[in-house]
Amino acid sequence: MKALVTGATSGIGKSIAKKLAKRGWKLILTGRNEAVLKKMQAAFGNDTEIITADLSKREEVFRVYELCRDKDVDMLVNNAGYGLFGKFDETDMEDELNMIDLNITALHILTKLFLRDFKKKDSGIILNVASAAGFMAGPLMSSYYASKNYVLKLSIAIYEELRRDRSNVSITVLCPGPVDTNFNNRAGVSFSVKPISADQAAEYALRKAFAGKLFALPGLTVKLGAIGSRFVPNKLLAAIVYNIQQAKKTSDGKEKALK
Ligand SMILES: NC(=O)c1ccc[n+]([C@@H]2O[C@H](COP(=O)([O-])OP(=O)(O)OC[C@H]3O[C@@H](n4cnc5c(N)ncnc54)[C@H](OP(=O)(O)O)[C@@H]3O)[C@@H](O)[C@H]2O)c1
C-alpha cells in the first residue's frame, strides 16, 4: 500500500507519515523543506519517495500529481496548510492569497485528480485535513477559517456522492482543535488552551480513515463544538469566536488563537 502525504516535513503530516510507515505503508512525501524530506527518506528506507514542491503554486501541484499518477497510490493525505492572524483589512494580501492557494486550491486539485483515479479502480482513501475552524466563521482569522470551511464542506459533499455511487473509495476529514505543531510559529501566535500532540491527531485521523468514517473530530471539546455550532446562530457564534481570539493577545502584542 502506498500513500502520498502533503506537508510531511512537520507536525501532523510528519506524524501521519511515521504512523503509516510503521504500519508498513510505502510513502511519497512532499513539502518544501528538502533537507527534512531527505532525512525522513533515510529514516524510512529507500523505497520512500520524496518530492520537493511548493504547493501554493498551481503548476507545482500538477507536477506532484504527474509524478505520482502511475505509482499506484492508495491513499492521499491532503495535510499541507497554514493560518494567518489579524483583521481582514490588515493581513498581508500576498501571504493570504498564498494561503488560499495552499489550503484550498492545492487540496482541491489533488482531491479531484486522485478521486478520478481511485474511482476508476474503485478503491482508495482520501484524508483531508481541515480544522475545528471549519465549523464556524473566524473573526481575526477570517480567511483561515473560511479556507477550512471549504475543505470541510467539499469533503462532506464528496462523501455523499461516493455513498450514492456505492463506491469503495472513502473520504475522511480531520477537524482538530489546537495541535502542538509548528503552526503557531508560522503564524507568530501561541495557544491559550492545552493542545493535543501531533501523534494523537495523526493516530485518530488514521483510525477514522481506515474505518471509512467521514468525520475525524479528535476530543470531546471539538465534538461538542461541531454539534453546538449547528444550533448557535452564525452572528452569535462569530461574536463568541471574536472574543476568544481577542482575549488571546499576548503582552508582546502577538495574538494567540484557536485553530
Ligand atoms: N496545529 C494545529 O493546531 C492545527 C489545528 C487544526 C488544523 N490544522 C491543520 O493541520 C495541517 C498541518 O498543520 P500543522 O499544524 O502540522 O503545521 P506545521 O507543523 O506548520 O506543518 C505544516 C506543513 O505544511 C507544509 N507547507 C507549508 N506551506 C507549504 C507550501 N507552500 N507548499 C508545500 N507544503 C507546505 C510544511 O512543509 P514545508 O515547510 O516543508 O513546506 C509542513 O510540512 C494544516 O492544514 C493546518 O491548517 C492544524
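**Note on the predicted model: backbone, helices and charges**

1. Leu-140 is buried, with a relative accessible area of 7%; here buried means under 20% relative accessible area, exposed over 50%, and partly exposed in between, with a 1.4 Å probe and protein chains only. The areas themselves come from the Shrake-Rupley method with a 1.4 Å probe, and for residues only the protein chains shown count as cover. The structure is a predicted model, in which local features need pLDDT of at least 70 and side-chain atom pairs count only at pLDDT 80 or more, while totals for chains, interfaces and linings use all residues. Residues are numbered from 1 along each chain as its sequence is written, and side-chain values use heavy atoms, with hydrogens and water left out.

2. The backbone at Leu-140 deserves a comment. Its phi is near 75°, a positive value in a residue other than glycine. Leu-140 sits in the loop between β5 (124-129) and α5 (142-164); helices (H or I, at least four residues) and strands (E, at least two) are DSSP runs, numbered from the N terminus. That loop also holds Ala-132, which counts as buried at 15% relative accessibility. Between Ala-132 and Tyr-145 there are 13 residues of sequence separation and 8.7 Å in space, C-alpha to C-alpha.

3. Arg-166 likewise has a positive phi, of about 50°, although it is not a glycine. This residue belongs to the loop between α5 and β6 (169-174). Whereas Leu-140 is buried, Arg-166 counts as exposed, at 74% relative accessibility.

4. Helix α7 (residues 198-210) is built of 13 residues and reaches 18 Å from its first C-alpha to its last, close to the 18 Å expected at 1.5 Å a residue. The expected span is 1.5 Å times one less than the number of residues in the helix. Its buried residues are Ala-198, Ala-201, Ala-202, Tyr-204, Ala-205, Leu-206 and Ala-209. After α7 comes Gly-212, with a positive phi near 75°.

5. Glu-203 forms a salt bridge with Arg-23, and the closest N and O atoms are 2.9 Å apart. This pair joins distant parts of the chain: Glu-203 is in helix α7 and Arg-23 in the loop between α1 and β2 (26-31), 180 residues apart. A salt bridge is a side-chain nitrogen of Lys or Arg within 4 Å of a carboxyl oxygen of Asp or Glu. Glu-203 is partly exposed at 27% relative accessibility, and Arg-23 is partly exposed with a relative accessible area of 38%.

6. Another salt bridge brings together the side chains of Arg-186 and Asp-95, at 3.0 Å from N to O. Here too the pair links distant parts of the chain, with Arg-186 in helix α6 (residues 183-187) and Asp-95 in helix α4 (residues 93-121), 91 residues apart. Arg-186 counts as partly exposed at 37% relative accessibility, and Asp-95 is partly exposed with a relative accessible area of 21%.

7. Because they are three residues apart in helix α5, Arg-163 and Glu-160 are separated by about one helical turn. Arg-163 is partly exposed, with a relative accessible area of 48%, and Glu-160 is partly exposed at 26%. The structure holds 14 salt bridges; moreover, Lys-2, Glu-49 and Lys-71 are linked in a network of such bridges.

8. Lys-14, Lys-18, Lys-22 and Lys-39 form a positive surface patch. Patches are made of residues with over 30% relative accessible area and no salt bridge, with like charges joined within 9 Å and nonpolar side chains (Val, Leu, Ile, Met, Phe, Trp, Tyr) within 5 Å. Lys and Arg count as positive and Asp and Glu as negative, while His and the chain ends are not counted; the place of a charge is NZ of Lys, CZ of Arg, CG of Asp or CD of Glu. Helix α1 (residues 11-22) supplies the largest share of the patch, three residues. Lys-39 is located in helix α2 (residues 34-44) and is exposed, with a relative accessible area of 66%.

9. Helix α1 also contains Ile-16, which is buried, with a relative accessible area of 0%. Ile-16 and Asn-33 are separated by 17 residues in sequence and by 17 Å in space, C-alpha to C-alpha.
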